[in-house]
Amino acid sequence: MSDYKFIAGDKKWWRQAVVYQIYPRSFADLNGDGIGDLAGMIDRVPYLKSLSIDAVWLSPFYPSELADGGYDVADYRNVDPRIGTLQEFDKLIEELHKADIRVFVDIVPNHSSDQHEWFQAALKAGRGSKERDRYIFHDGIGENGDIRPSELVSHFGPTGWTRVTEPDGTPGQWYLHLFAPEQPDFNWDNQEVRDDFIKTLRFWSDRGVDGFRIDVAHALTKDFSDGLPARDTMDIDPKKPDGSDPLFDRDEVHEIYREWRKVFNEYDPPRVAVAEASAPAHRLGAYASEETLGQAFNFDLLHADWNTKRFKHLISNSMKRAAKSGSSNTWVLSNHDVVRHPTRYGLPDKTDLVKWYISEGKSAQLDAKQGIDRARASTMLILALPGSTYLYQGEEIGLFEVADTPREAMQDPQWFRNPGKARSRDGCRIPLPWTATGSSFGFGPGGSHLPMPADFGKYSVEVNEKDANSVLNLYRTAIAMRKALQCAEDIKFIFNWNRSVLHFARPNGWQSFTNFGKSPVKLPKGKVLLSSQPLIGNQVQGETTVWLQA
Ligand code: GLC
Ligand code: CA
């Protein structure tokens with residue numbers, strides 16, 4: 001392990017950070033095996049630096065059989081040999097820190113891979129063993145136990161139980177998995193499980209990791225004292241939004257995070273965390289408190305239509321929630337699980353995205369200009385808000401969702417385990433195009449693990465760099481400017497007669513003005529700092545955000 005220089009300074013850096021999510025397999029492939037790698041990331045540190053981001057978040061790069069894009073972890077304290085080595089990981093951290101970029105890694109505590117040594121040991125050890133107690137095993141129903149313990153449906157369908165073969169070769173117990181069968185759920189009542197995750201948090205913190213993104217943070221503790229849940233939804237039971245759902249958002253989960261917080265605070269600067277928690281809005285704050293994880297994703301914008309009132313409403317709600325929990329807001333437009341936002345904004349309102357995907361993008365007409373105009377405007381809008389912004393690789397070059405990936409090339413279990421019912425997330429996980437030409441557009445010298453569309457070169461970093469008005473240059477300018485303009489975490493809405501306008505000011509006079517409508521509106525007073533589209537005289541074009549200094 002090398003001798004790190006930690007980035008000194010403000011312990012509250014995470015409150016208003018710009019964090020760039022890297023999906024490792026699709027970022028940059030240096031050795032040409034078609035899979036993005038750590039060496040590729042090291043190679044692109046100057047690019048990351050050019051974005052003026054505060055941190056990167058690496059989606060899982062751990063050893064994995066890739067049953068769920070790496071969210072099936074076989075070894076929490078190692079690097080997948082296809083992605084690199086621990087030495088390369090250390091080098092990456094060192095280079096990023098030198099560039100003043102902090103690092104989050106993904107922790108996947110709800111389930112491991114079925115290839116994890118503990119699950120393999122559980123299979124070998126048999127019924128009632130301490131090895132099985134680390135997971136959730138139950139006997140089946142019926143004389144031979146061949147009926148699954150309950151009618152639970154997993155997130156990736158169709159069932160949340162899979163039967164194992166006992167060491168003596170007979171059909172045996174069943175284990176619970178909220179996701180794919182290759183992702184057995186841990187039993188968080190088991191002390192060894194708890195201790196092992198603490199060990200993992202220390203392992204990466206000791207290597208210089210600054211923060212953690214906690215996967216499915218709401219699902220760890222379960223309570224089956226009223227019987228095994230039998231239901232066909234993976235959402236929280238709407239009748240139990242109070243911590244009493246047997247599967248999700250139970251109050252006890254925060255005991256785990258309070259313990260983790262103590263570990264984070266052993267470090268200087270303290271390590272930070274952000275929860276991916278799907279819980280009712282009024283309960284999200286518990287994940288984001290100073291005693292627990294500190295921050296939680298706000299996914300409201302992933303589902304919000306392009307609409308002034310809607311945006312204003314969810315911004316106000318988020319501000320209230322943050323004030324209550326003591327945390328800061330988080331803003332997200334895209335990530336590795338959702339349809340890229342220029343596509344969402346370019347499709348007609350209320351488009352059924354599953355149907356659209358299944359039709360290979362033919363069921364609804366994409367208006368690419370509208371998609372990109374709104375994407376540029378919304379990015380500037382959220383960058384002007386107090387709190388942290390989480391960006392997803394590729395949005396900075398204006399990538400759209402890819403809906404016509406050849407079906408046989410798809411990797412996402414959500415797709416092939418739910419035939420005809422779900423979208424594939426592969427469409428937002430296509431490798432990044434770096435150059436205008438070449439077999440994999442500069443992603444690497446040897447093809448790519450997911451096929452790249454023939455026209456991908458036009459979105460490449462190379463093409464973006466040559467155009468002063470490109471999406472990439474807007475991101476670079478806006479993020480750098482935001483850094484310089486950063487101030488107290490407050491906003492005041494400014495009234496406008498036009499219902500298509502969302503206008504607000506930060507305490508230092510920095511203003512953000514968004515025209516959600518299609519027709520131009522009059523520019524307000526103030527010095528123009530930046531505009532997502534050129535102004536026409538004193539008119540702000542439709543679907544445009546302008547920053548001003550009062
Ligand atoms: C999270 C991840 C998603 C993954 C799931 C199971 O929601 O973001 O990609 O499939 O957890 O780990
Ligand atoms: Ca590679």
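Student: How many aromatic pairs does the structure hold?
Tutor: This is a predicted model, in which local features need pLDDT of at least 70, side-chain atom pairs count only at pLDDT 80 or more, and totals for chains, interfaces and linings use all residues. Side-chain values use heavy atoms, with hydrogens and water left out. Rings of Phe, Tyr and Trp (its six-membered ring) pair if their centres lie within 6.5 Å; planes under 30 degrees apart count as stacked, over 60 as edge-to-face and the rest as tilted. The number of aromatic pairs in the structure is 40.

Student: What is the angle between the planes of Phe61 and Tyr62?
Tutor: The rings of Phe61 and Tyr62 lie 4.4 Å apart, centre to centre. Their pair is classed as tilted, with an angle between the planes of 45°.

Student: Is Tyr62 buried or exposed?
Tutor: Buried means under 20% relative accessible area, exposed over 50% and partly exposed in between (1.4 Å probe, protein chains only). The relative accessibility of Tyr62 is 1%, so Tyr62 counts as buried.

Student: Which residue has its charged end over the ring of Trp118?
Tutor: A charge sits over a ring if NZ of Lys or CZ of Arg is within 6 Å of the ring centre and within 35 degrees of the ring normal. Trp118 belongs to a cluster linked by ring pairs, whose members include Phe119, Tyr135 and Trp188. At 4.2 Å from the centre of the Trp118 ring sits the charged end of Arg134.

Student: Which residues are the protein donors of the calcium ion (ligand 2)?
Tutor: Donors are N, O and S atoms within 2.8 Å of the metal (3.2 Å for Na, K and Ca); water is not among the atoms, so sites may look incomplete. In sequence the donor residues follow the spacing D-x1-N-x1-D-x1-I-x1-D. Lying 2.3 to 2.4 Å from the calcium ion, they are Asp29 (OD), Asn31 (OD1), Asp33 (OD), Ile35 (O) and Asp37 (OD).

Student: How much of ligand 1 does the protein bury?
Tutor: An oxygen atom of ligand 1 is 2.6 Å from an N or O atom in the side chain of Asp68. Taken alone, ligand 1 exposes 310 Å² (Shrake-Rupley method, 1.4 Å probe). Of that area, the protein buries 95%.

How values were computed:
Residues numbered from 1 in each chain as written. Chains lettered and ligands numbered in written order. Polar contact = N/O pair within 3.5 Å; in protein donor to acceptor, adjacent residues only side chain to side chain.
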